[in-house]
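Biologist: Could you walk me through how to read a few features of this structure, starting with how helices cross?

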Amino acid sequence: MRSLTPPSSRERSGAPTPPALIALRAAALLLVLAALAHTLRYGLTEPGHALAFGLLVALGELARRGGAPGEREPAPLAAAGALAYALLGDSAGEPTGHGPLQVVAVVAAGQLVAAVEQLARGAGPDADRVAWRVFTVGFAAVCFQPLYNSGQAVRWFGDGPRFALFLLGLLVLTALCDALLAAVVARARALPYGTGGTPPPYERSSPSPPPYGPPSPPPYGTGKPPPYGPFLQDELRALAGIGSAVGASGVVMALGVAVAGLWALPVLCVPPLLTQVSFRRYAAVRTTYGQTVASLARATEIAGYTPPGHARRVAALATAVGRELGFTGAQLTVLEHAALMHDIGQLSLLDPVADGATARLPAAEQRRIALLGGAVVRRTGVDPQVAAVVEQQADPYREQLPAARIVRTVNAYDDLCGEGVGGPLGALEELRLGTGHDHQPQVVEALVRVLGRGGLTRVGAG
């Protein structure tokens, strides 16, 4: 099980919550209320175990304090503990007898305890992550507890290696359920541009309208949502990382308590805690890397070679187009970083290009700037793939890497919008005219679809 990324800037800015997230939260709330009502009516089965695992979930959530935001699972101990309780059959050789609704109630109570501390320090809980975990744990409990409590699981699989394989099979199903939910939420959280933040208002000194329309995001239902496939691929790929570690820890906890009782929990908590420490360090390295790329991208703006916000706009829109074309995971990271740093070669120019727009420069000059930019990127320690994309952005599209095709097209779009060629529609028309040599037709059409979802027809309104 993995946690969600932090709320997008759409939600932080008070923009409407996507209907899919509203439905998920409402369904999770109903499930939790039903579980709590059932538990209050019939009482807790094995109260000691419920208290132990509830505290484990709460402590795991509290232990993630200070973790890097945006990671898939900042609380592996809480996730592993919740999964272990869902898959717990025996304790020290004696059956426990708790059902799926009690599992949901205990996990929700643990999350609530952690939420109180988070609210006390001014950091509210992530409602989507809570809902996601409730459904994932509930799925695992529904698949396991009725079979075990009825004795059917023991009759079918015994209590030896075949039972462990049964648990692993349930773990795979739970992981797939988790990935499906994760992809739904990530897709809903994606802005119309498919990114994690609203592109800033157009900051050129010219009176041209913003290329992405008004600063406020368009309402849902104005266009087709982003494609689901790339988000699902991202989540399935993540199962081989932190997801597999959390799942294995949960199964080991359940089997350990089945043999040794609750005394096994303190020892079995060590691996998830070590995982959390290691993952936090890895996240810190990634954060530093991202800050380095962002600082380099701003160098051209600070030096006056490009207008403020140009690199961020190109990166946001390029990432959306990449998702539209099926880019996932590391591909999107390379694309985003290359888009942020695509103009760094302009620092070699004696005189800045007017408005930083390279789309109108001669092809030879564009290639020279691109090669210089690639050379700078290679000296920074950034991924060599990013440098390759920066170097190729001015080549004919048939000779470019797929990411370079996107960067070239999106950069040209932003430059053309800034020149006042008739707004986004005029810029897109020019891009279509260049599909014979400069721009790949599929990239231009993907850009059109992304802009359409972002409310292209409303540009100039307000």
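This is a predicted model: local features need pLDDT of at least 70, side-chain atom pairs count only at pLDDT 80 or more; totals for chains, interfaces and linings use all residues.

Biologist: At what angle do α16 and α18 pack, and how far apart are their axes?

Modeller: Helix α16 covers residues 402-418 and helix α18 covers residues 441-453. They pack at about 55°, and their axes lie 10 Å apart. Angles of 65 to 115 degrees would count as roughly perpendicular and those under 35 as roughly parallel, so α16 and α18 are oblique to each other.

Biologist: Which residues of α16 and α18 meet?

Modeller: From α16 come R405, I406, T409 and Y413, and they meet V443, V444, L447 and L451 of α18. Sorted by class, this contact of α16 with α18 has six nonpolar residues, one polar and one charged.

Biologist: Now the cysteines. How many disulfides does a search of the whole structure find?

Modeller: The general idea is that a disulfide covalently joins the sulfur atoms of two cysteines. Here, the search of the whole structure finds zero disulfides.

Biologist: Is C269 buried or exposed, and is C417 buried or exposed?

Modeller: C269 is buried, with a relative accessible area of 10%. C417 is buried as well, with a relative accessible area of 2%.

Biologist: Last topic: backbone angles. What should I look for in phi?

Modeller: Most residues other than glycine have a negative phi. In this model, E46 has a positive phi of about 55° although it is not a glycine, and A92 also has a positive phi of about 55° without being a glycine.

Biologist: Where is E46, and where is A92?

Modeller: E46 sits in the loop between α2 (19-42) and α3 (47-63). That residue, E46, is partly exposed, with a relative accessible area of 32%. A92 lies in the loop between β1 (90-91) and β2 (94-95), and A92 is partly exposed too, with a relative accessible area of 45%.

Notes: Residues are numbered from 1 along each chain as its sequence is written. Side-chain values use heavy atoms; hydrogens and water are left out. Axes are lines fitted to C-alpha atoms, for helices over the stretch in contact, and angles run from 0 to 180 degrees between N-to-C directions. Helices (H or I, at least four residues) and strands (E, at least two) are DSSP runs, numbered from the N terminus. Angles under 35 degrees count as roughly parallel, over 145 as roughly antiparallel, 65 to 115 as roughly perpendicular and the rest as oblique. Contact means heavy atoms within 4.5 Å. Ala, Val, Leu, Ile, Met, Phe, Trp, Tyr, Cys and Pro count as nonpolar, Asp, Glu, Lys and Arg as charged, and the others, Gly among them, as polar. A disulfide is a pair of cysteine sulfur atoms within 2.5 Å. Buried means under 20% relative accessible area, exposed over 50%, partly exposed in between (1.4 Å probe, protein chains only).
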